[in-house]
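Subject: Structure handover, with notes on salt bridges and the sheet

Dear colleague,

Please find below the structure I said I would pass on to you.

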Amino acid sequence: MSAQLVDQLRAERHLTDAQYEILLTTQDAQTLSALRRAAVEVQKKQFGNKVYLRGLIELTNYCKNNCLYCGIRRGNANVQRYRLTEDDVLACCKAGTELGFQTFVLQGGEDGFFTDARLVPMIRRIKEIAPHCAVTLSLGERSHESYALLREAGADRYLLRHETADPDHYSLLHPAEMTLAHRIKCLQSLKALGYQTGCGMMVGSPHQTIAHLIADLRFIEQFQPEMVGIGPFMPHHDTPFRAYPAGSADLTLRLLSIVRLILPQVLLPSTTALGTLLPDGLEQGVLAGANVIMPNLTPCAVRSSYLLYDGKDTAAKDTVDLLEERSRRFAAIGYEIVHQRGDAPAFCV
């Protein structure tokens, strides 16, 4: 019976709470196989066997927030803080364009140093040296006016994980000054301004229940993001959640498949955290319906300082060798890494 829910989800793109609970908890091998198979069929119908590249540039590890799960939280005095200069960022983009990257993701903590006055010219210069490339930002909560200025400067996409769609659970993961209502207001601003907008959640975060994950799926159904970032919770030794176990890889993969069926055209990363949890996590993510990977272009000198969780691979690997290795690994499972912008289909021209 539960295997029939997969067909229903594929056709209707939503289920009842009770039906979602069945898919998230079943141990029936036939159902789980059907879920993965359906997700891959939808993924390939929309995107073929393409896996899109995003060049990740970790702009700053300063952050004003004190989120309980994050290694670069304000209260962690053991972090060696850094900020990239505009020239550093442009050098990363130039190197990336030579390797065929057509999307750059500027990610960082909520660092007040990076005002609009600093980010606007930086984005414009990236667009000057790489006019055909997409610029994605992942810099946290900002004002509607700030998002508008960054959009006008040329930013194409914005990633802002909602983390959890339950306000009480949100309050257990964040300091009191942060609220889910404000996070959702930011996401609504981004969509209204024409960004390709991404939300997402941690799987297995402390105090999380299946009901919380169902609330996340409901939010994704309603919000209709262009991108969804789903990765397992990974503990960091310098946070209050240091003793909590990592999230479940199995549950992460199920959620990737479910979201692919809810949103057939979504851009869905196979995350670094999943690749940390499983030796073949990147491939497993793609085989569950994901279609994006994000190799790191951050300068090697600071890469180890951007440690959101323990176990993250911060080794100074040569990007050419890394891409060749990833290409071989994905070819072995029938996929091709492509050097294209990889916009959400509704934004393709």
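D87 is exposed, with a relative accessible area of 53%, and since this is a predicted model, please read that value and those that follow as computed from it. The side chain of D87 forms a salt bridge with that of R125, at 3.7 Å from N to O. Because D87 belongs to helix α4 and R125 to helix α5, this pair ties together parts that lie 38 residues apart in sequence. R125, for its part, is partly exposed, its relative accessible area being 34%.

Helix α5 takes part in another such link, since D116 lies in that helix and R142 in the loop between β4 (134-138) and α6 (144-153), so that parts 26 residues apart in sequence are tied together. The side chains of R142 and D116 meet in a salt bridge of 3.1 Å, N to O, and R142 is buried, because its relative accessible area of 16% is under the 20% limit.

A further salt bridge, of 2.7 Å from N to O, joins the side chains of D111 and R83. Here the two partners come from distant parts of the chain, 28 residues apart, with D111 in the loop between β3 (103-108) and α5 (116-129) and R83 in the loop between β2 (55-60) and α4 (86-98). D111 counts as buried at 9% relative accessibility, whereas R83, at 34%, counts as partly exposed.

The count of salt bridges comes to 20. Through shared partners, salt bridges also join K127, D156, R157, R341 and D343 into one network.

Turning to the sheet, I find an open one of 6 strands in the order β2-β3-β4-β5-β6-β7, with parallel pairing. Strands β2 and β7 (227-232) stand at its edges with a single partner strand each, so one side of each has no neighbour in the sheet. From one strand to the next, the twist averages 20°.

Within this sheet, strand β5 (residues 157-159) runs parallel to strand β6 (residues 196-203), and 3 bridges join them. R157, which was named above as a member of the salt-bridge network, has Q196 as its bridge partner in β6. Helix α4 packs on the sheet, where it touches β2 and β3, and its direction makes about 150° with that of β3.

Notes: Residues numbered from 1 in each chain as written. Predicted model: local features only at pLDDT ≥ 70, side-chain atom pairs only at ≥ 80, totals over all residues. Heavy atoms only, no water. Salt bridge = Lys/Arg side-chain N within 4 Å of Asp/Glu carboxyl O. Helix = DSSP H or I, 4+ residues; strand = E, 2+ residues; numbered from the N terminus. Buried < 20%, exposed > 50% of the residue type's maximum accessible area, 1.4 Å probe, protein only. Pairing = 2+ DSSP bridges. Axes fitted to C-alpha atoms, helices over the stretch in contact; angles between N-to-C directions. Contact = heavy atoms within 4.5 Å.
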